[in-house]
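Dear colleague,

Please find below the structure that I am handing over to you. My notes on what was found in it follow directly after.

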Amino acid sequence: MENDPDSVALASQPLDSLLAGVASTAGGLSGAEADARLTRCGSNDLSAVRRRPLWLQFLDRLHNPLLIILLLASGFSAMAGDFYSFAIVVTIVFVSVVLDFVQEVRANNTIEDLRRSVALRARVLRDGQERELPVERLVPGDVVQLVAGDLVPADARLIEARDLFVNQALLTGEPYPTEKHVADLPHAADPSEATNTLFMGTSVISGTGRAVILRTGRATLLGAMAHSLKAPPPPTDFEIGVRHFGLLILRVTVFLVLFVLLANVLFHRPWLESLMFAVALAVGLTPELLPMVVTVTLARGALRLAERKVIVKRLTALHNLGAMDVLCTDKTGTLTEARIRLVRHIDAQGEDSDEVFRLAWLNSRFESGIRSPLDDAILEHGQPDAVDWHKLDEVPFDFERRRVSVLLERGGQHLLIVKGAPEDVLRLSTHYEPGPGRPSAFDIEARARVRRLFEQLGDDGFRVLGIASRVVGPDQREARVTDETELVFAGFAAFLDPPKADAAAAVHALSKAGVAVKILTGDNDRVTRHVCRDLGIPVTGLISGDELRAMSEEALRLRLAKVNVFCRLSPPQKQRVLLALKQRGHAVGFLGDGINDAAALHAADVGISVDGAADVAKDAASLILLEHDLSVIHGGVLEGRRTVENVTKYILMGSSSNFGNMLSMAGAALVLPFLPMLPIQVLLNNLLYDASEIGIPFDRVDPETIVRPVRWNMDLIRRFMLILGPVSSLFDFLTFYALLTIFGAGEALFQTGWFVESLATQALIIFVIRTRRSPLVSRPHPLLAALSVGMVLLAALIPLSPLGPLFGFVSLPLGYFIFLAGTVAAYLILAESIKRLFYRWYGRQARRGAMAAGRFPHGPSSRRSEHRAHDA
Ligand SMILES: Nc1ncnc2c1ncn2[C@@H]1O[C@H](COP(=O)(O)OP(=O)(O)OP(=O)(O)O)[C@@H](O)[C@H]1O
Ligand SMILES: [Mg+2]
């Protein structure tokens, strides 16, 4: 019965028979047995389309229709006697596929290793001992230990539970936590009735539990629903851009191939050779290296980030990081040290009070929710005289109520102790204690006095919790939210959390880099203002959760630009602010570590969390910081921008010079009495060109291009291609003319001459395209420079080498090389001048467009600018 799909049926069977069914006990499995099961059942991972073996992945590459046509066509020509060119075609195809494949596999392995280093872990009983293992390695029969903050790692039946509350919204849509018990429920029919069963992907809100795993991976309920639930995130600007680019090239390719074929048929040329020529052109045009270049560039960025202690879980996050212009962050741990100390415990009169500490301590001691640093601070403060209390029940903490209650018993007395956000605790209190044991009713004046006390504490920078209690009847053994009323107010616990020394510098660096930092916190305005003052961050506007609730979307959107502090936000409100920012056309990052941050992390363009965060937060994030530190994000932002810049270089290269070249070839095929290049020469040309570009992911980026957020800019690429493409064709035609008239070239000389010229212009133009500066000032990465120059030299040498005749090359006259040097130099100089004019013109265009849209863009992407235009 291991891993059969009807997960809900688990709830209705007796526990003993379930344990027998997975051949396990409450003590768990042995390591050896677990390993055997892992091989049998597969890893506990929803995406587990089991990794295909490498050789199959390699064959996938050959699945490209162009390659197939090419191989078939050259197969035919081999039958017609041209065995050489068949062998050459096969070799070239093989070499280029291997080149591509090896790099991409290596890049993917890097990424996979990084991802694994921050994988979620579960506490599992193996060989009778508790171990921490990656959740992917869990198998049916494993016994896991769960505490608040954990994600349930697989479908499991409870063996033990204490005040265990689970959020199952993902599966059932119920927003409120469900309590789970150990029980046999013969009639449970759906997940919301299955209160003895835990389901993968749900999260533990409070309490603890121990459970035996019954289903893993795709066999879980979530696995069965996975297609509908885990819909892939919407594509980023970057992905859309890359896809558009692919489509654009595809269209051009189809057109070109048909055109060349038609022309050749009209001119009664040999059809097989024409077909091969056309397909070789198509191969040359397709940006077959694009996926590889994107992956390798991203992987390289991810590696460099890992050196800075930032792990990239989802690669697309990297270019979103480069585009990010607003970063929202929580307060604790980011702006403050998260080294919280309890400093004062005072009663309603403002006097130090041991009773207040005793109540706070009891509440913290017995509450079983996610470990909060506030509770830790209370428990570390000392040990009050508070023996003999037993816990009866708890109303767990949640971020909407912002408080937690425990129901305790001592010597027949039942006491409910409430601790939480002071405003609310105060509101729920009807009495206070002017002296020990003498509760008196709150009048307006007393209430106002206590309020002022609390506000003063906030102004002094204290984080404050309100403490209250209520004696309940001796027969009440359960606590409910409705019991949190008519409380006797005890006093305040006041905490200090020192601001982080380097946070101010980090915020400053980010805003200098064009990333506005906004604070989204669940804490109150006074404390938050105080932190901002300490750090020297000016508060330009503040909205509280209560104001936000009353605010329309429009009103919010209008105020977003100015407001940089949002406080007393509930988790859905954090998400709302984030979505509103996205609507305004911003690329938004969110940094947070609590379960209260998970929704916002999901909604963000870049969700950032820390290694020690709650599982749900970590799971929702696409970047994980190994150190909770704002300053590493600045480095990450620059890395993301660098990545987008380098991919753009590759695309600019492919779409302008390469495109121009292929155009020239098609044109030449029309007017010449022979093919301008033999199909195998086209392929070789393409291979060398590809090899010259391998260095692009490693290339340096001019510092001025990454001082602002970099957005994917398809518009720029398209215009650049339309302008620079024809320029390269111009020089091609000049070469044709020279070859035919000055050098009196026949077929072989023409093809050889053009082969060298074509590669030289295509490969060397990288020095112009890779920078907006002068190529003499901006230095390329040595690898890129060496490969580009090296491939051109190789192209010039091949015709002279023994390989030359195999490809149908002849040796070139010295005069041609002199002509070539002049032509290439002229091309580069002209291209450089046009580039400068282009960027100057384009910069003006962009500024004008931005002015019309009412806002200065960091890099105009047509789609986003439209958004802005609508907003304005
Ligand atoms: N352990 C606790 N017991 C009682 N109340 C709590 C506890 N933890 C938090 N609260 C209340 O809930 C509020 C919101 O929690 P918290 O400040 O952790 O939110 P947050 O959005 O994560 O804040 P931050 O931005 O500082 O990380 C707190 O201001 C406090 O009033
Ligand atoms: Mg927090």
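The domain bounds used in this message come from an automatic or database domain assignment. On that basis, the chain is divided into domain 1 (7-46 + 122-229), domain 2 (238-303 + 636-871), domain 3 (326-337 + 500-628) and domain 4 (341-496). Taken over C-alpha atoms, the centres of domain 2 and domain 4 are separated by 70 Å.

Please note that this is a predicted model, in which local features need pLDDT of at least 70 and side-chain atom pairs count only at pLDDT 80 or more, while totals for chains, interfaces and linings use all residues. Residues are numbered from 1 along each chain as its sequence is written, and chains are lettered from A and ligands numbered from 1 in the order in which they are written.

The chain as a whole

The C-alpha atoms of the chain fill a box of roughly 115 × 65 × 40 Å along the principal axes. Helices (H or I, at least four residues) and strands (E, at least two) are DSSP runs, numbered from the N terminus. The chain has 31 helices and 23 strands.

A residue is called buried if 20 or more other C-beta atoms lie within 10 Å of its own, exposed if 12 or fewer do, and partly exposed in between, with C-beta atoms placed from the backbone. Of the 872 residues in the chain, 48% are buried. Two residues are in contact if their C-beta atoms, placed from the backbone, lie within 7 Å. Among contacts with a separation of 6 or more, 74% are between residues 24 or more positions apart.

The surroundings of ligand 1

A residue is near a molecule if its C-beta atom, placed from the backbone, lies within 6 Å of it. Ligand 1 is surrounded by 19 residues, of which the closest are Asp 330, Thr 332, Ala 421, Thr 521 and Gly 522. Two or more residues of this shell are given by each of α13 (373-381), β12 (403-410) and β13 (413-420). Ala, Val, Leu, Ile, Met, Phe, Trp, Tyr, Cys and Pro count as nonpolar, Asp, Glu, Lys and Arg as charged, and the others, Gly among them, as polar. By these classes, the shell holds five nonpolar, seven polar and seven charged residues. Ligand 1 lies between domain 3 and domain 4, because both give residues to the shell around it.

Two strands pair if DSSP finds at least two bridges between them. An open sheet of eight strands has the order β8-β23-β22-β21-β9-β18-β20-β19, with mixed pairing. Its edge strands are β8 (310-312) and β19 (542-544), each of which pairs on one side only. Axes are lines fitted to C-alpha atoms, for helices over the stretch in contact, and angles run from 0 to 180 degrees between N-to-C directions. Direction ignored, neighbouring strands of this sheet are turned by 20° against each other on average.

Strand β21 (residues 588-591) is covered on both faces: Val 588 and Phe 590 on one side, and Gly 589 and Leu 591 on the other, are all buried. β21 pairs with β9 in the parallel sense over four bridges, and Val 326 has Val 588 as its bridge partner in β21. Three bridges also join β21 to β22, again in parallel, with Phe 590 opposite Gly 607 in β22. Elsewhere in the sheet, β18 (residues 516-520) and β20 (residues 565-567) run parallel and are joined by two bridges; here Ile 519 stands opposite Val 565.

Helix α11

Helix α11 (residues 316-323) lies across β8, β22 (606-610) and β23 (623-625), and runs at about 105° to β22. Seven of its eight residues are buried, so α11 is largely enclosed by the rest of the structure. The cover over these buried residues includes α8 (237-266), α10 (290-307) and α23 (630-671).

Two residues with a positive phi

Most residues other than glycine have a negative phi. Ala 338, which is not a glycine, has a positive phi of about 60°. Ala 338 is in the loop between β9 (326-329) and β10 (341-347), and counts as partly exposed because it has 16 C-beta neighbours inside 10 Å. Arg 402 also has a positive phi of about 60° and is found in the loop between β11 (390-398) and β12. Arg 402 is buried, with 20 other C-beta atoms within 10 Å.
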